Amino acid sequence: MTNASHVTTFLLMGLPHAPVLDIPLFGIFLVIYVLTVVGNLVILLVIMVNSHLHTPMYYFLTNLSFIDMWFSTVTVPKMLMTLASPGGRTISFHGCVAQLYSFHFLGSTECFLYTVMSYDRYLAISYPLRYTSMMRGRTCALLATSTWLSGSLHSAVQTSLTFCLPYCGPSQIQHYFCDAPPILKLACAGTSVNEMVIFVNIGIVGSGCFLLIVLSYVSIVCSILKIRNSEGRHRAFQTCASHCIVVLCFFGPAIFTYLRLGSKDAVDEVVAVFYTVLTPLLNPVVYTLRNKEVKKALLKLKYKVTFSQSK
């Protein structure tokens with residue numbers, strides 16, 4: 001793969017902005033990144049130490065928090081480097097390969113995981129009496145493992161199709177991280193076949209997962225409307241609302257970026273900020289501020305820490 005490529009380093013052009021905004025943007029994205037990592041770590045810790053949260057829903061949430069933490073780490077630190085100094089814009093050929101693979105691996109795994117989480121909510125609300133027997137620990141582990149394996153395979157296809165082409169210059173990537181569309185524009189050979197296969201690959205995964213999620217929630221709404229108890233209906237809607245918010249914020253920008261004909265670099269870069277920077281932050285915010293069980297667990301953990309320090 002590298003023998004056919006003359007380019008040894010790429011230059012990430014970063015977000016389109018005026019130079020005077022370098023420091024403010026650096027500060028904003030640094031704060032968001034720190035909050036994302038700390039927030040997702042807190043969710044992982046709370047679920048691990050609280051036995052009441054050892055349920056399928058929170059098992060999948062720990063996977064989501066772990067993914068979001070690393071999904072943000074794949075792109076944001078390099079973005080901060082491009083804002084901090086001109087020298088931070090360079091990235092090696094192999095570093096670019098690793099970043100693209102990691103980005104699509106975590107992104108597609110999250111895509112599959114959202115689908116599994118919607119299926120879990122469907123079973124919990126539609127079959128409450130049989131839910132425990134249907135979603136045993138082994139079943140949850142198999143579903144989670146399948147999302148990681150599927151994400152790995154999907155990313156391997158994306159990365160192979162992108163870097164099997166020769167790159168002999170120019171080496172300026174019109175983005176703040178290595179992604180397939182802007183990289184393919186730099187290839188020294190025809191990319192129409194590669195672009196079409198990548199488009200179909202992402203289209204099948206993205207559209208397929210989104211369709212399954214929509215079907216799950218249509219079924220969930222139908223089941224909720226059958227609940228006679230108004231308090232039960234409210235609780236069921238509240239449980240699913242948080243998941244819907246994060247799903248829409250993830251799939252909306254991603255579909256806009258990858259599943260449309262034509263591409264405008266500046267627009268793509270700004271839209272990409274939503275699913276690479278903001279969505280990983282939404283996970284801890286939405287699942288803690290809108291979830292009574294997690295808030296109770298957080299208060300319980302805070303009380304334990306305070307009590308142990310006072311001794």
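Modeller: UniProt positions are given in the numbering used here, with feature names shortened, and annotations may be inferred rather than shown by experiment. Keep in mind that this is a predicted model, where local features need pLDDT of at least 70, side-chain atom pairs count only at pLDDT 80 or more, and totals for chains, interfaces and linings use all residues. Residues are numbered from 1 along each chain as its sequence is written, and side-chain values use heavy atoms, leaving out hydrogens and water.

Colleague: What makes residues 140-157 a "transmembrane region" here?

Modeller: That label comes from the unreviewed UniProt entry, which lists residues 140-157 and 198-225 among others. In the model, residues 140-157 are 100% helix and 0% strand; helices (H or I, at least four residues) and strands (E, at least two) are DSSP runs, numbered from the N terminus.

Colleague: Why is α5 called roughly antiparallel to α7?

Modeller: Their axes, lines fitted to C-alpha atoms over the stretch in contact, with angles from 0 to 180 degrees between N-to-C directions, cross at roughly 165 degrees. Angles under 35 degrees count as roughly parallel, over 145 as roughly antiparallel, 65 to 115 as roughly perpendicular and the rest as oblique, so α5 is roughly antiparallel to α7.

Colleague: How do you know that H154 of α5 belongs to the contact?

Modeller: Contact means heavy atoms within 4.5 Å, and H154 is one of the α5 residues making it, while N194 is among those of α7.

Colleague: What makes β1 and β2 a pair?

Modeller: Two strands pair if DSSP finds at least two bridges between them. Strand β1 (residues 9-12) and β2 have three bridges, in the antiparallel sense, so they pair by that rule. L11 has T90 in β2 as its bridge partner.
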